[in-house]
Amino acid sequence: MAKVRVSTLAKEFGMTSKELMGHLAEMKIPAKSASSALEDAYVAMVRKQLASVIEARAQEVEAAKQAEEQAAAAEEAARAAEAERERIAAEKAREEERRQFAAARLPRRPPVPSRGQEEGRAGASCSREGSPPRRHARRSAVSSPPPGCRGGRPCRAEAKKKAEQE
């Protein structure tokens with residue numbers, strides 16, 4: 001095996017070069033900087049001496065990864081719960097809006113069929129003179145009665161006609 005730099009050995013152990021330099025100083029191994037090369041004998045001795053430190057560091061790293069994964073999972077669960085709450089709130093708001101819209105479209109009281117509708121003439125709710133027979137057919141079922149009519153009751157013109165006929 002060839003010479004190995006301190007920085008390469010530090011990467012292998014998962015620590016910084018500065019930390020490894022401290023351990024080398026404790027073992028009285030000559031190394032002046034992170035770019036210093038170590039002989040094979042020194043490398044074997046370092047690996048043997050730092051085996052327990054390397055294992056402890058590996059366990060710390062593994063524990064940190066697990067804690068990070070658990071935190072990420074908890075955060076994702078919180079985000080999913082919040083998104084579900086927002087979805088439900090939006091759905092309730094849409095449903096309430098639909099109810100209000102439907103309530104606005106419904107007539108306040110049921111429409112009373114006019115005389116023309118009873119006789120089978122669709123849209124002829126008022127038979128005033130001079131008005132076309134299908135005058136009110138274009139209006140929606142929810143609209144107000146035509147001018148002169150009183151909510152399904154005969155208008156004055158129709159009342160006069162009835163009085164004259166009787």
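1. Let's start with Ser17, which sits in helix H2 (helices are DSSP runs of H or I with at least four residues, strands are E runs of at least two, both numbered from the N terminus). This is a predicted model, where local features need pLDDT of at least 70 and side-chain atom pairs count only at pLDDT 80 or more, while totals for chains, interfaces and linings use all residues. Residues are numbered from 1 along each chain as its sequence is written, and side-chain values use heavy atoms, with hydrogens and water left out. Ser17 is partly exposed at a relative accessible area of 21% (buried is under 20%, exposed over 50%, partly exposed in between, with a 1.4 Å probe and protein chains only). Leaving aside residues up to four places away in sequence, Ser17 touches Ser7, Ala10 and Ala34 (contact means heavy atoms within 4.5 Å). Ser17 and Ser7 are 10 residues apart along the chain, and their C-alpha atoms are separated by 5.3 Å.

2. The axes of H1 and H2 (residues 17-26) come within 9 Å and cross at roughly 105 degrees. Axes here are lines fitted to C-alpha atoms, for helices over the stretch in contact, and angles run from 0 to 180 degrees between N-to-C directions. H1 and H2 are therefore roughly perpendicular (65 to 115 degrees; under 35 counts as roughly parallel, over 145 as roughly antiparallel, and the rest as oblique). By class, that makes seven nonpolar, two polar and no charged residues. For the classes, Ala, Val, Leu, Ile, Met, Phe, Trp, Tyr, Cys and Pro count as nonpolar, Asp, Glu, Lys and Arg as charged, and the others, Gly among them, as polar.

3. Now the charged pairs. How many salt bridges does a search of the whole structure find? The search finds 10, a salt bridge being a side-chain nitrogen of Lys or Arg within 4 Å of a carboxyl oxygen of Asp or Glu. One of them joins Glu39 and Lys3, at 3.1 Å from N to O. Glu39 lies in the loop between strand S2 (37-38) and helix H3 (40-49) and Lys3 in the segment before strand S1 (4-5), so this pair ties together parts that are 36 residues apart in sequence. Glu39 is partly exposed at 39% relative accessibility, whereas Lys3 is exposed at 54%.

4. Glu12 and Arg47 make another salt bridge, at 2.8 Å from N to O. Since Glu12 is in helix H1 (residues 6-13) and Arg47 in helix H3, the pair ties together parts 35 residues apart in sequence. Both ends are partly exposed: Glu12 has 47% relative accessibility, and Arg47 has 30%.

5. Helix H4 (residues 51-105) holds a local pair, Arg98 and Glu95, which are three residues apart, about one turn of the helix. Their closest N and O atoms are 3.3 Å apart, and Glu95 is partly exposed at 33%. Elsewhere in the list, Glu75, Glu76 and Arg79 are linked in a network of salt bridges.

6. Most residues other than glycine have a negative phi. Lys28 is in the loop between H2 and S2 and is exposed, with a relative accessible area of 71%.

7. On the overall layout, the chain has six helices and two strands, running β-α-α-β-α-α-α-α from the N terminus on. Of its 166 residues, 17% count as buried. Among contacts between residues at least 6 apart in sequence, 49% join residues at least 24 apart.

8. Last, confidence. The mean pLDDT of the chain is 78, and 70% of its residues reach 70 or more (pLDDT is the predictor's confidence in each residue, from 0 to 100). Where is confidence lowest, and where is it highest? The lowest mean is 54, in helix H5 (residues 115-118), and the highest is 91, in H4. Over residues 121-125 pLDDT stays under 50, and the model has 15 contacts beyond four places in sequence for that stretch. Where pLDDT is low, the predicted coordinates should not be read in detail.
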